[in-house]
Amino acid sequence: MLRRNFLTLSVVAILSLSGCANLSNANKGANMKKVAIIGANGKSGSALVAEALRQGYDVTAIVRKTSYKNDAVKVIYKDLFDLTKADLSGFDVVISGFAAWTPETFPLHKKVAEHLGSLLAGTDTRLFMIGGAGTLYTDESMKMRVMDTPNFPASHKGVANATAQSLDEIKRHDNVKWTYVSPAAQYDAKGARTGKYTLGTDWIILNSKGKSYISYADLAVAIIDEIKNEKFIQKRFTAVSE
C-alpha cells in the first residue's frame, strides 16, 4: 500500500513539474524579444544573427539579396532605404550591420542614421548602429579622436569620417532609443568567440594583454547582451575581447 501511494505521488510530482516546464516555455515564448538585423548576410550581421539565436531571441534578417537563405530566422528581402515605419513597427530591437567602404558610398553612413532615426522616432524600439574605432577618443580626457592622430592610416580616413558623421547624426535624435557601438582598433572577422569581453565608453580601451582587439563574434556577444542589460541607451560603447 505504501509503495502504491509512493508511486502515485511520484507520478503526480512528475506531471506537475512537466506542467511547470511547459508553462515556463510558454512564458519564455511570450516574452521573447523580436530582433531585426539589417545586413544579416554580412560579416557583422552573420555574427549578430548567430548570437541572437544562441541567446534565444526571435530573429528576423533584413537583406537585399534574395540569394540569402537561413531556415533559422524569418527574412525580409528589402533595401535598407526602402524600409518603412510599418516594416519595423513589430520589433523590440533593430540592429544595423550596414557598412560602406568606397568614397562613393561613404555618405550612406549618415543617411542610414537619418533614415533609421526617422523610422524609429518616438517608439520604444531600440536601435543599435555599428561604427568604427576611429571615432573613439585616445583617452578619457576626450580631447583627440583616434582618427585625428598623426599615425592614423590615410586609407581608413574616409570611412572614419563617414562613421563620425553617422554618430553625430544619430545623437541628434533624442527621441530614439539608440546605442552606437564602436569596435576595438583591431576588429577580427576570423577571431574566436570567447564570450569574454571588457566594455568601455567613448575612448579606446585595451584588454588584459594590452591590445585593442575584438573578434566579430565577441562584439556580437556584447551587443546582444546589451539588449537585456540596457546600460547604453542613447550612449556609445566599445568592447575588447579578453
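## Helix H6

The buried residues of helix H6 are Tyr216, Ala217, Asp218, Leu219, Ala220, Val221, Ala222, Ile223, Ile224, Asp225, Glu226 and Ile227. Buried here means under 20% relative accessible area, with exposed over 50% and partly exposed in between (1.4 Å probe, protein chains only). The model is a predicted one, in which local features need pLDDT of at least 70 and side-chain atom pairs count only at pLDDT 80 or more, while totals for chains, interfaces and linings use all residues. Residues are numbered from 1 along each chain as its sequence is written, and side-chain values use heavy atoms, with hydrogens and water left out.

With 12 of its 14 residues buried, H6 is mostly covered. From its first C-alpha to its last, H6 reaches 20 Å, close to the 20 Å expected at 1.5 Å a residue; the expected span is 1.5 Å times one less than the number of residues. Just after H6, Glu230 takes a positive phi of about 55°. Helices (H or I, at least four residues) and strands (E, at least two) are DSSP runs, numbered from the N terminus.

## Aromatic pairs

Rings of Phe, Tyr and Trp (its six-membered ring) pair if their centres lie within 6.5 Å; planes under 30 degrees apart count as stacked, over 60 as edge-to-face and the rest as tilted. The count by this rule comes to two aromatic pairs. Tyr187 and Tyr216 are stacked, because their ring centres are 3.8 Å apart and their planes lie at 5°. This pair links distant parts of the chain, 29 residues apart: Tyr187 belongs to strand S7 (residues 186–188) and Tyr216 to H6 (residues 216–229). Tyr187 counts as partly exposed at 24% relative accessibility, whereas Tyr216 is buried at 14%.

Phe232 and Phe237 form a tilted aromatic pair, with 5.0 Å from centre to centre and 40° between the planes. Phe232 counts as buried at 10% relative accessibility, and Phe237 counts as buried at 0%.

## Strand S10 and its partners

Strand S10 (residues 235–241) is mostly covered, six of its seven residues being buried. Two strands pair if DSSP finds at least two bridges between them. Strand S6 (residues 177–182) runs parallel to S10 and is joined to S10 by four bridges, with Val181 opposite Phe237. The pairing of S8 with S10 is antiparallel, again over four bridges, and Leu199 stands opposite Ala239 of S10.

## Cavities

On a 1 Å grid over the protein atoms alone, a cavity is a set of points where a 1.4 Å probe fits but cannot get out, and a pocket is an open set with protein on both sides within 12 Å along at least five of seven lines; lining residues have an atom within 4 Å of a point. Grid points are joined across faces, edges and corners, and a volume is the space filled by probe spheres set on the points. There are two cavities of 30 Å³ or more.

The largest cavity holds about 50 Å³ of space, and its lining consists of Ser96, Phe98, His109, Val112, Met129, Ile130, Ser166 and Tyr180.

About 1100 Å³ of space lies in the largest pocket. Of the 42 residues lining this pocket, Gly97, Phe98, Ala99, Ala100 and Trp101 are the closest to its centre. Helix H2 (43–54), strand S2 (58–63), H4 and H5 are the elements that give two or more residues to the lining. The lining divides into 22 nonpolar, 15 polar and five charged residues, where Ala, Val, Leu, Ile, Met, Phe, Trp, Tyr, Cys and Pro count as nonpolar, Asp, Glu, Lys and Arg as charged, and the others, Gly among them, as polar.

The second largest pocket has a volume of about 160 Å³. Its lining is made up of Gln186, Thr194, Asn207, Ser208, Lys209, Lys211, Tyr213, Ser241 and Glu242, of which one is nonpolar, five are polar and three are charged.
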